[in-house]
Amino acid sequence: MKKRVVITGLGAVTPIGNTVDEFWNNAKSGICGIDYIKSFAIQGSKVKLAGELKDFNGRNHFDRKQFNRLDRFSQLGIIAAREAYEKAGLNNVGIDRNRLGVIMGNGVGGILTIVEETKKLLNYGMNMVSPLLMPKSIPNIVTGNIAIDLNAKGISNTVVTACAAGTNAIGEAFRAIQYGDADIIISGGSEACITPLVLAGFTNLNALSLREDPLRASIPFDKEREGFVMGEGAGIVILEELEHALKRKAKIYSEVVGYGFTCDAHHLTSPAPKGEGGSRSMKLALENASVAPQEVSYINAHGTSTPYNDKAETEGIKTVFKGHAYNIPISSTKSMIGHLLGAAGAVEAIACIKAVKENYIHGTIGYSVKDGDCDLDYVVNGGRSLDINYALTNSFGFGGHNASVLFKKFQDKGV
Amino acid sequence: MIFEKLKSLINRIMDIPKDEILLESHLYDELDADSLDISQIILALENTYKIDIENDDIASFQVVEDIVNHVESKIEG
């Protein structure tokens with residue numbers, strides 16, 4: 001008998017808010033967190049915009065020794081994890097540390113550190129490369145850092161499936177608790193890679209929007225969309241075995257009921273025709289939960305604002321949901337915060353969990369030109385109140401990775 | 001001179017006030033150093049004084065003065 005899994009805590013650091021409440025309130029208000037890049041000079045860059053954090057200083061969260069040992073992606077992960085852990089009421093509570101796990105996702109690891117150390121290598125030689133290079137930059141170090149910070153000694157893993165990583169991580173955590181491997185898992189994603197090297201890589205791949213109007217750059221499902229906008233941040237959810245949560249009278253945000261993931265096996269960066277891989281991922285998540293397509297009342301789309309993704313995702317949704325696809329409100333958080341890559345799925349899971357909890361769907365902002373290929377209900381005129389029982393979140397990543405997680409409104413009375 | 005340099009490094013890397021760093025301070029028991037701290041300090045000293053410090057020697061350092069003496073001997077050598 002599989003165990004039931006619920007969400008008991010949330011944490012976020014995003015371009016529209018450095019806490020979950022600030023993020024969600026701004027998402028509900030349709031605030032745009034995309035702006036001109038401020039962390040480095042953009043004169044030579046074709047891309048001028050990104051979703052950077054606002055009023056954020058990692059030094060305020062760590063002492064100097066800790067700070068120097070943490071790449072920004074680890075800092076963001078820890079800060080969001082601390083918030084989620086506190087919101088879950090886990091501070092100063094006696095729990096079995098060996099049954100507390102961490103499963104995180106990220107796309108590119110500590111590339112800001114790699115860039116800095118590469119400069120030292122090229123300018124001054126091998127002797128000047130910091131001993132901290134490797135322990136700061138390996139992609140799993142955010143998981144290790146969170147475990148150290150919150151004394152989580154149970155199962156631990158890091159998922160690296162590019163832009164699907166945050167969703168994959170939560171799905172893996174869900175499954176681990178279902179099968180009894182942990183009581184509580186701190187899970188999600190973090191990413192911090194807004195630096196000229198990465199920006200150039202994505203720009204030259206023609207993956208990014210070159211638009212200079214912050215309100216018309218990340219425009220998922222709009223006919224004039226031309227690419228995504230890079231973002232940074234972290235999202236953390238606390239997944240907990242239901243009986244464990246009930247016993248300690250934890251606040252329950254929602255239940256996690258389904259997880260599906262697939263690979264396109266088609267192309268490095270382009271989705272398979274008709275979003276075939278994504279549609280199978282969605283279908284698996286529904287089957288995993290024994291939920292019929294017509295029961296789903298909200299989809300938080302991957303919705304990147306690239307021409308290919310939004311068309312393929314729309315087709316994939318139609319394949320799974322058939323005629324019901326036209327009845328499901330679909331919104332893209334990336335319209336407000338850009339693409340947080342390995343953290344995207346985690347922050348978007350939070351948008352789903354909040355939607356289920358509060359019966360409110362945030363809108364897709366910036367939309368103005370209808371595309372015949374994208375003809376579903378993208379919630380383009382502000383947010384919407386709606387009774388939501390099941391909400392699905394999708395994430396797709398380079399490498400053809402597809403992941404979907406299904407959340408359900410929590411009711412104590414059986415599945 | 002070497003002690004002053006070492007104090008600056010310990011202060012910067014380990015976030016310990018300079019006036020709390022004495023020649024007799026124990027690196028691990030009193031200053032709470034770990035292997036990452038020591039690696040950073042040794043690399044900085046090697047680059048500053050253009051010397052090589054062997055791993056066996058690093059493992060023998062117990063108090064601040066051990067490092068100062070070792071660097072001095074290396075420079076003189």
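The model is predicted, so local features need pLDDT of at least 70 and side-chain atom pairs count only at pLDDT 80 or more, while totals for chains, interfaces and linings use all residues. Residues are numbered from 1 along each chain as its sequence is written, chains are lettered from A in the order in which they are written, and side-chain values use heavy atoms, without hydrogens and water.

**Interface**

- Chain A and chain B bury about 1,000 Å² between them, 48% of it on carbon and sulfur atoms; buried area is the accessible area (1.4 Å probe) that two parts lose on being put together, summed over both.
- On the side of chain A, Arg64(A), Lys65(A) and Arg69(A) lose the most area to chain B, together 51% of what that side buries.
- Chain A gives 11 residues to the contact and chain B gives 13 residues, where contact means heavy atoms within 4.5 Å.
- Four salt bridges are counted between the two chains (a side-chain nitrogen of Lys or Arg within 4 Å of a carboxyl oxygen of Asp or Glu).
- Arg69(A) forms a salt bridge with Asp37(B), with the closest N and O atoms 2.8 Å apart.

**Ile75(B)**

- Ile75(B) is partly exposed, at a relative accessible area of 43% (buried is under 20%, exposed over 50%, partly exposed in between; 1.4 Å probe, protein chains only).
- Beyond its neighbours within four places in sequence, Ile75(B) contacts Ile2(B), Tyr49(B) and Ile51(B).
- Asp52(B) is 23 residues from Ile75(B) along the chain, and their C-alpha atoms are separated by 9.9 Å.

**Leu122(A)**

- Leu122(A) counts as exposed, because its relative accessibility is 66%.
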